[in-house]
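Q: Hi! Could you walk me through this one with me? I have a few quick questions.

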Amino acid sequence: TSGQFLKFTGSTTVASAAGGGITEADQYRVSSSFSGSSNPITSNWERNDTNFDKIGTGVSQSSGIFSFPSTGIWWINFLIPCSKGSGDSQYVSAKINVTTNNSSYTQRATAYAFINEAGGETYSHSECSLIFDCTNTSTHKVQFGVANQSSCDFYGDTSQNTTTVTFIRLGDT
C-alpha cells in the first residue's frame, strides 16, 4: 500500500517477501504398461522420482485414489500415450473422475483420440485437464481411467513419464 516498502535480507526474494506462489505441486506416473480399458487405474502408480521433487506435502495415493493434502483450487492434468499394432481404434480416452462425498465418482473431464493404423505399430495420446475446488480433504478425491474401442497398449515406465498425472495447487478455495 502507499507509504510502505519491502525490506530485503541476504536471502529474501520478492516472492518470499510478498507471499503467495505455488505451495503444492506433485506428479505421479504408471510404472508399467498395460492393455485395454481400465477405469479407474488402480495399480502401479508411483510418484515421479526421476530428477523431481514435489513442492509442499504432496498428494497421496492408495489403490488409484488420490487425496489432496490441503484444500484449495487444484489444476489436474492427465496424459496417456498409447499404441496399437494392427487395426484401428475408433477412440482412446483419458478420464478424470472426482468425488465430493468420498464415495460416488463422477466423470468430470474426458479427452478422445483416434488410432488409424498406418501399417505397423501406430501411436497416439489423449490428454485432459480439470480445475478442481477441493473444499474438504476427507471427501474430495480423484481417480483416473482409460478406455478404448479396440484393445490398445498404454505405456508405463518407472524411469520416465509416460502415463502421467500432474497436480498443482493454484490458490485458496
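Q: Are Phe78 and Phe144 buried or exposed?
A: Both Phe78 and Phe144 are buried, where buried means under 20% relative accessible area, exposed over 50% and partly exposed in between, with a 1.4 Å probe and protein chains only. A note on the source: this is a predicted model, where local features need pLDDT of at least 70, side-chain atom pairs count only at pLDDT 80 or more, and totals for chains, interfaces and linings use all residues. Residues are numbered from 1 along each chain as its sequence is written, and side-chain values use heavy atoms, with hydrogens and water left out.

Q: Nice. How many aromatic pairs does the structure hold?
A: It holds 11 aromatic pairs. Rings of Phe, Tyr and Trp (its six-membered ring) pair if their centres lie within 6.5 Å; planes under 30 degrees apart count as stacked, over 60 as edge-to-face and the rest as tilted. Phe78 and Phe144 form a tilted pair, at 5.0 Å centre to centre with 45 degrees between the planes.

Q: And where do Phe78 and Phe144 sit in the chain?
A: Phe78 is in strand β6 and Phe144 in strand β10, 66 residues apart, so the pair links distant parts of the chain. Strands (E, at least two residues) are DSSP runs, numbered from the N terminus. Both rings also belong to one aromatic cluster, together with Tyr28, Trp45, Phe66, Phe68, Trp74, Phe132 and Phe167.

Q: Switching to the core: which residues have the most contacts inside the largest nonpolar core?
A: Those are Phe78, Ile96, Phe144 and Phe167, in a core of 32 residues. A nonpolar core is a set of buried Ala, Val, Leu, Ile, Met, Phe, Trp, Tyr and Cys residues joined through side-chain atoms within 4.5 Å. The largest share, 5 residues, comes from β6.

Q: What about Asn77, also in β6?
A: Asn77 lies in β6, residues 72-84, and counts as buried because its relative accessibility is 12%. Its side chain makes a polar contact with the side chain of Glu127 at 2.9 Å. A polar contact is a pair of N or O atoms within 3.5 Å; within protein, one must be able to donate a hydrogen and the other to accept it, and residues adjacent in sequence count only if both atoms are side-chain atoms.

Key:
Helices (H or I, at least four residues) and strands (E, at least two) are DSSP runs, numbered from the N terminus.
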